[in-house]
Amino acid sequence: QVQLVESGGGLVQAGGSLRLSCAASGRTFSIAAMGWFRQTPGKEQDFVAGIYWSFGNTNYAESVKGRFTISRDNAKYTMSLQMNNLKPEDTAVYYCAARLSRESQYGYWGQGTQVTVSS
């Protein structure tokens, strides 16, 4: 089992920045990748950004490229999402997720943290 705890959400004006963090515990040695997803009421959960744990390869949703940066600290098993130039459409609950080795999908999720961007 892997436990994930997010922090860092809040309210910010459009154009501002926030940094989300996710701390992993438990079977962290089995983590192959981690990512951020977001969801707004009545909509499906969307992928935001992901990072492969071993080599640090990253990928992003088109809507956040150039504005968001995902990073990880291997030693501390933490992951961060630096969000710059935030837009009202970035408002959502953001979830941290982990995928273990030999698994094809993200199977572990944090509790979510609210990000609200005012116009």
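Modeller: Contact means heavy atoms within 4.5 Å. Leaving aside residues up to four places away in sequence, I70 touches M34, G35, W36, A49, G50, I51, T58, Y60, M79, S80 and L81. This is a predicted model, in which local features need pLDDT of at least 70, side-chain atom pairs count only at pLDDT 80 or more, and totals for chains, interfaces and linings use all residues. Residues are numbered from 1 along each chain as its sequence is written, and side-chain values use heavy atoms, with hydrogens and water left out.

Biologist: Where does I70 lie, and is I70 buried or exposed?

Modeller: Strands are DSSP runs of E, at least two residues, numbered from the N terminus; I70 lies in strand β7, residues 68-73. Buried means under 20% relative accessible area, exposed over 50%, and partly exposed in between, with a 1.4 Å probe and protein chains only. I70 has 5% relative accessibility and therefore counts as buried.

Biologist: How many aromatic pairs does the structure hold?

Modeller: Rings of Phe, Tyr and Trp (its six-membered ring) pair if their centres lie within 6.5 Å; planes under 30 degrees apart count as stacked, over 60 as edge-to-face and the rest as tilted. The structure holds five such pairs. One of them, F37 with Y106, is edge-to-face, at 5.2 Å centre to centre and 80° between the planes. F37 belongs to strand β4 and Y106 to the loop between β9 and β10, so this pair ties together parts 69 residues apart in sequence.

Biologist: Which residues form one aromatic cluster?

Modeller: The cluster consists of F37, F47, Y106 and W109.

Terms used: Helix = DSSP H or I, 4+ residues; strand = E, 2+ residues; numbered from the N terminus.
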